[in-house]
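Hello,

Here is the structure we talked about. Please have a look, then read the notes below.

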Amino acid sequence: MYLTDMQDVPTRDEPVFEFLDAYAPLFYYHHRYFLISGGRAGGKTYNTVAYCIYKLFDPEYCRIVVARYTQRSIKSSIYRDILDLLERFGLMGFIRFEGEDIVNVQNGNRIMTHSFKLTDRTAVAKSKGIANPTILLVDEAQEIPNEEAFIQLNDSFRSTAGHTQIILLFNPESKAHWIYKRWYLNGKPNPKWFTDHVFIHTTYKDNPYIDPLKAREWERMRDLDARYYSKHILGEWQDIAEGQIFDNWQPGWQPDADAKRVIGLDWGFANDPTAIVDVRLRNQQVWVREIFYRSNVTNQDIAEILHNAGITRNDIIIADSAEPKSIEELRRLGFQVKPAVKGPDSIRSGISKLMSKTVWVDADSKNIWNEYENYRWQLGTNKPIDEYNHAIDAIRYALSGESSGQYVMMR
């Protein structure tokens, strides 16, 4: 399928671009959801971007929203790929820019960039603020922290202009990830979704344009490093997330009778959940159990939750110091709340301290286990990702030591 097949575009002697056969469903299937994943040189970004450009020049009405979860601006990611392809195929003369929007001057179709979570964690932008979108392309969809965030985005993406498509581009990670749990079964797409979902997964084996020498090099990796080949070359789901920070927690909730009880509290509201964790400490052993993990709760709600959990003014609660007003409100409601003062290296210090302990986690604490399986180091750094850390932060606060009447993370 070629761009020159379309009307209202000047005829060329050569096709502008063609697509791998695996991506034909984007053109011919009228499903709402397309889950596109791949391994090295599988062509998922190129073919999906090319499809968006194709739709940009389609005579039919089209509004494409290109989004990413974690960036305020996506100009350095897939947006750059779109511009590169437009320039590569000599199409820049057919478009104009309105801010970061790419507009076809002939038919008014446009590609819009959109970040639906700001980097400062203050707001979630919703696509319902964009009039009549037809295609939502989410780049690096594995960055969406949980199923609830996707459902909110999905519910807000609707149009009165006709059929809509949601395209998720992602790199498979741990089988503990919510994408796997929602849409996959035994390492393959779950057939229950086939009615309105299309799954596309391509690797270098699907790409006839790959350098044969490079393909042979990757084939050798299959014997040299089977896990690397599976993860990075084939893009397969992994049993353990790469860079996972904690890997030795054990299920169980039988704290010693004389273990010290401390309640860890990490504030949240609209974007992030409030996490409350019951932590028991004795020597080098830690037992943790989830009390509460949910968003959109007020301080009055938190007080009621604590009361219902049997927590009294005699129990020590250590909370994130970022909200002194919330701490004071809970104090006035009858609870002993102390701030955890966070130093310049408090996160890694707290992680190190937690790593030095034997940690037991209540088997029913599903959100703690989910964070445990997904909390990992940023690739190539010694810094953790800023996701899957709400209950873990609450546990870190509970492990802090008392100093001058305040709680600080011990080094």
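Is Asp-256 buried, partly exposed or exposed? Asp-256 is partly exposed, at a relative accessible area of 26%. Here, buried means under 20% relative accessible area, exposed means over 50%, and partly exposed is in between (1.4 Å probe, protein chains only).

First, the ground rules. This is a predicted model, in which local features need pLDDT of at least 70, side-chain atom pairs count only at pLDDT 80 or more, and totals for chains, interfaces and linings use all residues. Residues are numbered from 1 along each chain as its sequence is written, and side-chain values use heavy atoms, with hydrogens and water left out.

**Confidence**

pLDDT is the predictor's confidence in each residue, from 0 to 100. The chain has a mean of 85, and 87% of its residues reach 70 or more. Strand 10 (residues 197–202) has the highest confidence, at 98, and strand 19 (residues 406–408) the lowest, at a mean of 43. Strands (E, at least two residues) and helices (H or I, at least four) are DSSP runs, numbered from the N terminus. Treat two stretches separately. Residues 1–15 have pLDDT below 50, with 31 contacts beyond near neighbours in sequence. Residues 118–128 are also below 50, with 27 such contacts. A contact means heavy atoms within 4.5 Å.

**Salt bridges**

The count is 20 salt bridges. The rule is a side-chain nitrogen of Lys or Arg within 4 Å of a carboxyl oxygen of Asp or Glu. Asp-256 pairs with Arg-282, with the closest N and O atoms 3.4 Å apart. Asp-256 sits in the loop between strand 11 (250–251) and strand 12 (260–266), and Arg-282 sits in strand 13, 26 residues apart. Arg-282 is partly exposed, at 32%. Arg-282 also meets Asp-258, at 3.0 Å, N to O. That pair is 24 residues apart. Asp-258 is exposed, at 54%.

Arg-280 and Asp-278 form another bridge, at 2.9 Å. Arg-280 is buried, at 18%, and Asp-278 is buried, at 1%. Shared partners join Arg-261, Asp-278, Arg-280, Arg-289 and Asp-315 into one salt-bridge network.

**Cores**

A nonpolar core is a set of buried Ala, Val, Leu, Ile, Met, Phe, Trp, Tyr and Cys residues joined through side-chain atoms within 4.5 Å. The largest has 55 residues, and Leu-168, Trp-183, Tyr-184, Phe-246 and Trp-249 have the most contacts inside it. Helix 12 gives the most to this core, with six residues. Phe-246 touches residues including Ile-351, Leu-354, Tyr-372 and Ile-392. Another core lies apart from the largest one, with 36 residues, among them Leu-26, Phe-27, Cys-62 and Leu-91.

**Aromatic pairs**

The search finds 19 of these. Rings of Phe, Tyr and Trp (its six-membered ring) pair if their centres lie within 6.5 Å; planes under 30 degrees apart count as stacked, over 60 as edge-to-face and the rest as tilted. Trp-369 and Tyr-372 are edge-to-face, at 5.4 Å centre to centre and 85 degrees between the planes. Both lie in helix 11 (residues 366–374), about one turn apart.

**Positive phi**

Asn-283 is not a glycine, yet its phi is about 55 degrees. Asn-283 lies in the loop between strand 13 (274–282) and strand 14 (285–294), and is exposed, at 62%. Tyr-388 has a positive phi near 55 degrees. Tyr-388 lies in the loop between helix 11 and helix 12 (390–398), and is buried, at 7%.

Best wishes

Key. Lists of a residue's contacts leave out its neighbours within four places in sequence.
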